[in-house]
Amino acid sequence: MDADDELIGDEAMFSNGVDEARTAVRSSMSGGEQMDVEGYASLYSGRTKICRLLFVADRCGGGDHQEATQLEALRMAYDEIKKGEDSHLHRDVAAKIAGRLGPDYGLDLAWSDAVDRRAEQRKEKLENELNGYRTNLIKESIRMGYNDFGDFYFAHGQLGDAFKSYVRTRDYCTTSKHIIQMCLNVILVSIELGQFMHVSNYVGKAEQTSDTLDPVTVAKLKCASGLAQLEAKKYKLAARKFLETGPELGNNYTEVIAQQDVATYGGLCALASFDRMELKNKVIDNINFRNFLELVPEVRELIHDFYTSHYASCLEYLDNLKPNLLLDIHLHDHVETLYTQIRHKAIIQYTHPFISVDLNTMAGAFKTSVAGLEKELEALITENQIQARIDSHNKILYARHADQRNATFQRALQTGVEFDRDVRAMLLRANLMKYENNIRASRKL
Amino acid sequence: MDSMETLLSQIQAFSGSPQDVSHLHSLLKQSEDSLQSQQPSRFVPLLEQLDPSKHSLGYLYFLEAYASGPISREQASGFLLTVVNFINSCAVEQIRLAPDKFLSICKKYKDQVMQLQVPMQGVAPLRTAIRKIQSSSEHLTSLHSDFFLLCILSKCYKSAQSILDEDIFEVDQPRDLFLYGYYGGIINIGLKRFDKAIECLHNVFTSPMTSLNAIAVEAYKKYILVSLIQNGQVPSFPKYTSASAQRGLKTYTQPYIDLATSYATGKFAEIEACIQTNMDKYQSDSNLGLVKQVLSSLYKHNIQRLTQTYLTLSLQDIANTVQLNTPKEAEMHVLRMIQDGEIFATINQKDGMVSFHEDPEQYKTCEMIEHIDSSIQRLMKLSKKLSAIDEQISCDPTYANKVGRERPRYDYDDFDSVPHKFF
C-alpha cells in the first residue's frame, strides 16, 4: 500500500499546478470567508439555536462584513427568543443589539413582563399539582410533575433548576423507557450547561438499561458522548463515537447537534487521531458515516485528499473551513489543536515511505517555505515522531533507521551504570540508617 | 615523675608479641589520667627514647598526651615532623588498638598544617594515615574529609583521586559522610569529572537526616549547577530523600532553582538576566565559576540536540539556532565538542558546512566486550552484597522490634493507657 501512496504522493507533488486550478473552483464553492448565518441556524432548533447564534455574534467583532454577520445573527436570535419564554436571554440580546437594528429590535418590556407573569402563574400551578401528587404518592404522577418542572425551568433558561428537577425524576422512574427519557433530558440540559462530565455519566446510565434501545436513541447517545469526549480532548474516542452514529439520527437531535456537525466533528477528530488503516476502515469505508459526509462535501473531500496524499488541497480545505469552525460553539476551542495534529500527521505520513525526501518538493506539497518546513520537521524529529535527519545543505530529509543492536548496547551499558550508582547509594544509606538505629538503641540502654 | 619512667620502660618491654601489646594497652589505659596531668613538654625527651615503628602504641599514647596541650609556634615544626615520622613508620596492628588517639593526633596535625598555611605538606601523610587506620577500603574514617579539605586547599585534586575512587559503604559518623560527599564533589568538579561529582553530591542531600544541615544545602546548590552542566536538567528528588530535606532544600536554594528554570527555557537572555539578578548570591557562595560554566554548557546542549535532527547544517545556521553571534564562534564550539568526543562531526571550511555523523562505536571490539564483562562482574558483586545486607538487616533484632512495633496491633498497653486518665 505504501508503494501506491508514494506514487500518488509523487503525482500530487508534480501536478500541483493542476491542483491549484481545481481547488480554486472548489474554494469558491465552499464560500470560505463569509458565513451563511441563516443556513447555519436552520440546522438547529430549540435553545441551542439561540446559543449558537449568540456565540457567532460574540465571536464576530470588528471588521465590516463581520459586523454584518454579527447583526444578522443577533437579529435571528432575537426573533427566535421571541418565540420562546426566556426573558433573560431577551434582555441580553437587546443589550447586545444596542439599537443597531432599528426600533423593531429593542427591549420589549411588555413582552418580557407578560412572559414573566405567565411564568409565575405556571410555576404556582405546577407546584400545586406536584404537591397534590406527592400527597397521593402516585409515582408516575410525581415523575410527570418533576418532568414538567424541568421543562418549565428549561424553557425559562433556569438551567441549574431544570437539571435538578430532571435528576429528581430518577427516583420515580418505573420503566426503562422513563429512565432513558430522564437521561436524555439530563444530557440535554448538561450540554447547555457545559457540564460534560454529567453528559458521559448519563450516557453510560442510559446505555446500561436492560431494554434494547431504539436506533434513534442510540444515535443520540453516541452523539452526546462524542461531544463529551471532544470536550475532554479525547479526540480518538470522540471520533469513534461520531463514526458509530447511525443514519437514524436524521433531524431528530437538532436541539443538540446537526448531521453536518457529526460529519465535521467526526471527520476532523478522525483525521487528527487515526492512523491510515483506521482512517480507511472506519471512515472512508464506513457506509453510515458516508451519508453524513455527503452533507458536508468539504470535509469529505479533505478526508479523501488526506488519504490519497493530496496534502496541499487537503490543507487548503482546512484553511477554508477554519473561520466557520471557529464560530462553532463546541469545536472552536479544539480547532487549533486538531489542525496542528492533522498537519503533523500529514507531514509524518508524507515522509514515512521515503528513504530520502527533497525538501523543496515537500514544501511545495505543504504550501510552505523550505525554512518553515525545516523548523516543523525539526520539532517533529525532536519529539521522536519522525525518525529522520535533515541534510540542511542539500535540503534533503533522510530517513534514519535506528540500529537496534547499537541502541541495545548503549541502553544496557547505561542501565548498568545507573544500577551501579543506585545500589552503591542504597548500601550507603542502609549503613547510615543502621548506624542511627544503633545509636538510638544504645541511648535507650 | 617515676610513673612516666616506669611507663616508658613498660612500653619498651611490652612491644613485642600481640599478647604483650594488649597487656600494655590495658596498662596504658589505666595510667591515662596521669598521662593527661603531665606537662606536655615533658614528653619530648620521652618520645625520643621510643622507636615509633616498634613501640607504636606507647608512642601513640605519649604523642597524644603531648598534642593535647597547646603547641607554640617554635614547637610547631618539630611537632609536625614527629607526627609525619610516626604516621609513616607506625605499626598498623598497634595503632588500631587505639584508633581514637590516632585520629585525634591526625586532627591536631591537620589543624597545625592549616594554621601554618601549608596544606600541601599534609596531603601525603594524611593519605598514609587513612590507609593505615581504615579497616578496609570501604571504610569511611573521619580523616577522609580532612584529607579532602587539605587537597582542595592545596589544589592537589589528583592526589585525592585514589582515595576518592574507592567505594565507601561503612560509615562511623554520618557527619563524616556529609563532608566526604561535599568535598568529594568539589574535587571531582576540579577534576572535571562531573558525573562522579553529581553522584557524590547526590549522596549528601539524599542521606537520611532528621533535620536539614548546611552541608546538604551547599551540596544541593552545587548539585543543581553540575547537573545543568552535565545533563542540562535537574532531576527531582528521589523518593527516599528525607522529608526535611525535601521541604527545606528548595527554600534555601531559590537562586539556583531559578537558574534551572530559566535554563529549561533555553533562552540566553533569560539565563543572563537570572545570573545578573542573583550575581551577589552566587559570588558569596563562591559558585560563580560554576554558574558561568552552566551558561556555556547551554551552547553545548543545543548543538548536541542539533546532531539528532540534522545531517548537515551550515555554521551560520548553527550560530542562529544556538544563539551565537558569529559562525566563527559556532565553529569554535563545534570544534571543541568534537575534540572532547561529545559529538561526532566534521567541519567543511570551504562552504562552511558541518556534517554530523552517528556514533562510530560498533560494540564489536575486544575492549568493549571486556568492559561489558567487567561491568557485569562488578554489578553481580554489588547485588550479592545488597542481598547479604538485606538478610542481615532482616535478622537484626532491633529492626525486627521496630517493624513489629509499627504494625498496628492491639496491645495490652493500648487498653491499659485509657483508664489511667481517669485516675
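Two strands are said to pair when DSSP finds at least two bridges between them. In this predicted model, strand β4 (residues 345-348) of chain B is joined to β5(B) by 4 bridges, and the two strands run antiparallel. Within this pairing B:Thr346 stands opposite B:Ser355 of β5(B). The two strands form a hairpin with 4 residues between them, and in its turn B:Gly352 has a positive phi of about 65°. Strand β5 (residues 353-356) of chain B is also joined by 3 bridges to strand β3 (residues 310-314) of chain B, again in antiparallel fashion, and here B:Met353 is the bridge partner of B:Ser314.

These strands belong to an open sheet of 6 strands with mixed pairing, in the order β1(A)-β3(A)-β2(A)-β3(B)-β5(B)-β4(B). At the edges stand β1 (356-358) of chain A and β4 of chain B, each of which has a single partner strand, so one side of each is left without a neighbour in the sheet. From one strand to the next, the twist averages 20°. Helix α21(A) packs on the sheet, where it touches β2 (388-391) and β3 (396-399) of chain A as well as β3 of chain B, and its direction makes about 150° with that of β2(A).

The axis of α21 (residues 370-382) of chain A also comes within 11 Å of the axis of helix α19 (residues 335-351) of chain A, and the two cross at roughly 85°, which means that α19(A) is roughly perpendicular to α21(A). To this contact α19(A) brings A:Arg343, A:His344, A:Ile347, A:Ile348 and A:Thr351, while α21(A) brings A:Glu376, A:Leu377 and A:Leu380; the residues divide into 4 nonpolar, 2 polar and 2 charged.

Definitions and conventions:
Residues are numbered from 1 along each chain as its sequence is written. Chains are lettered from A and ligands numbered from 1 in the order in which they are written. This is a predicted model: local features need pLDDT of at least 70, side-chain atom pairs count only at pLDDT 80 or more; totals for chains, interfaces and linings use all residues. Side-chain values use heavy atoms; hydrogens and water are left out. Axes are lines fitted to C-alpha atoms, for helices over the stretch in contact, and angles run from 0 to 180 degrees between N-to-C directions. Angles under 35 degrees count as roughly parallel, over 145 as roughly antiparallel, 65 to 115 as roughly perpendicular and the rest as oblique. Contact means heavy atoms within 4.5 Å. Ala, Val, Leu, Ile, Met, Phe, Trp, Tyr, Cys and Pro count as nonpolar, Asp, Glu, Lys and Arg as charged, and the others, Gly among them, as polar.
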